[in-house]
Amino acid sequence: MSARTERVTKRSGRGTESVLAAAFLAPVVIIFAVFAYYPLGRLVYLSLYRRNANQFLGGADEWIGFSNIVDTLTGEAFRSGLWVSVKFTLLTVPLGLLLGVLLASAADRKLKGIRIFQTIFSSTVASSVAVASVVFLTLLQPETGLWRDVEWLSLNRPNSALLAVSLSAVWQNAGLTFVIVLAALQAIPEEIREATMLDGYGAMRRFWRVTVPLISPALLFLAIVLVVNALQAYAQFDILSPTDQAQPLLYKIADPEGISTLSSRAALSLGLFALTLVVSFTQFTLLEKRVHYGD
Amino acid sequence: MATEPLAAGSPGRARRTVGTIGSYALLTVLSMMILFPIYTTIVRAISKPIPYLQSLQGGGSGLWPVGWDWGVFGRVLNEDDFTRALLLSAVIAILIVAGQTFTSIVAGYAFACLDFPFKRTVFAVVVGTLLLPVEVTLIANIETVRDLSWFNSWQGLAVPFMAWAFGIFLIRQAFMGIPKDLQDAALLDGYSHFRFLFRVAVPISRPIIGSFVLISFLGAWNQYLWPRFAADRQEWQTIQVALRTLATREVNNLNFAFAAAILASIPLVVLLIAFQRQIIRGLTAGAVKG
């Protein structure tokens, strides 16, 4: 059988297979080339040259050199944006994980009507960041929000605004974190649960010693997703936060008010790219080391 | 036989009853936490803005609707800008989902079932795009879209997203699970790769492709950053971007924004209820693979 197929595939040819593969891969290769790789080169170009204002009259772009990248990445905009992004990450990721674990362990029971609770807990999967931000305006809006008098959640001051925006993000992520932690909990084999019950472990000890190690791959995956989401957060800040309060890195790049030059925004983008590389590298090393994989 | 430790004896049963009540209490409190912002959004949507504000200033709790104005949903739907945004979002999302699904199926098949030179390199190129999300490439891509005269157009909103490494990954994985013998037998029977792909591989992998379609739709419908900057004319605002426009109106019109947020989530709520299992499978696909 295998010898025969070998001959068949040999005869029908590696050549035709390659042609077919080229045709099948062409769409993704073209899209990725134009909208993922080419822009990376273009960012480098944009950050090295200043666009000539009279481009249409034939003026060439002006070389401004690496100093633009260095100046931008050591400058105030990058540092303050990065700092806001880091604080936002530190606020949303641990809280998000904790909430996910809390919701999932509460709903991982065999009770009547548990399905209803599980549906409620996963409901924010249906809300976009923009929807979640508008939803939180009912609580945070400075004049009419229910929590307008809660000073530490005020949208009018940088630190409390960051906290308020973080809260909306944690709520919006709750559905996703719940769904993933619950799936991990339900994948724990029944025998292990029973064994630990019989061993007379207390609930707390059982949770930390048995459950957490067993769901650690899912928690790590979630942590990575949440970190990436947090570093790339934009909509929450655009909708909830008045412009001069908390501005994360991406806000400086997108620059909705149009105050920075294209060159410096391109350099900031390269900074975000470097950050993405660092996070991905960390993720890769962590996954290599492997948290408990429950063989 | 495992003996149920709490089966016999009334103290055990009593403890279990207390435990059950405790569980329900905890579940209820947590549900209220999750549902509270949704509840207040409904309250604000159906309240008349000025009376609501007056009741707040008069010391009202703000927890109950003031005015009961259910007509707000109809009025939002009658606003041309809103319905246009809703329609645009639907069209763009469908284009993106169709594009992503098609490109992922053919590319996934090439990686899983075809033999060709530089396979590993091409695969690395695909995986590498995960390091180049739209957040990083935004500035340059806006320039590219302007060069192509795609600014304020459906091409500009949809085409850059018609390939997604995650989908290629997921569907490649599904195709790799098809027994090699099946493929060999089909090819011996004179099936072309093309016919095998669409007559056998795709139908077999329907559950995974279905999950991918749902996840892809979720992502496309909820997109914010790109449509916010790839268009600047109101008629090219997707629903998510339109929400911001509504939310930044003066306080007197905020009920429109709240009603719009509810309406904008309805398609996803419907999908979530109808396809809960498939969506969860899609969301957890990454987690399980690690």
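Colleague: How many helices and strands does chain A have?
Modeller: This is a predicted model in which local features need pLDDT of at least 70, side-chain atom pairs count only at pLDDT 80 or more, and totals for chains, interfaces and linings use all residues. Residues are numbered from 1 along each chain as its sequence is written, while chains are lettered from A and ligands numbered from 1 in the order in which they are written. Helices (H or I, at least four residues) and strands (E, at least two) are DSSP runs, numbered from the N terminus, and on that basis the secondary structure of chain A comes to twelve helices and two strands.

Colleague: Which helix gives the most to the side of domain 1 of chain A that touches domain 2 of chain A?
Modeller: Chain A is divided into domain 1 (13–64) and domain 2 (81–289), with bounds from an automatic or database domain assignment. Six residues of domain 1 of chain A are in contact (C-beta atoms, placed from the backbone, within 7 Å) with six residues of domain 2 of chain A. Three residues on the domain 1 side come from the helix that gives the most, α2 (residues 14–48) of chain A.

How values were computed:
Two residues are in contact if their C-beta atoms, placed from the backbone, lie within 7 Å.
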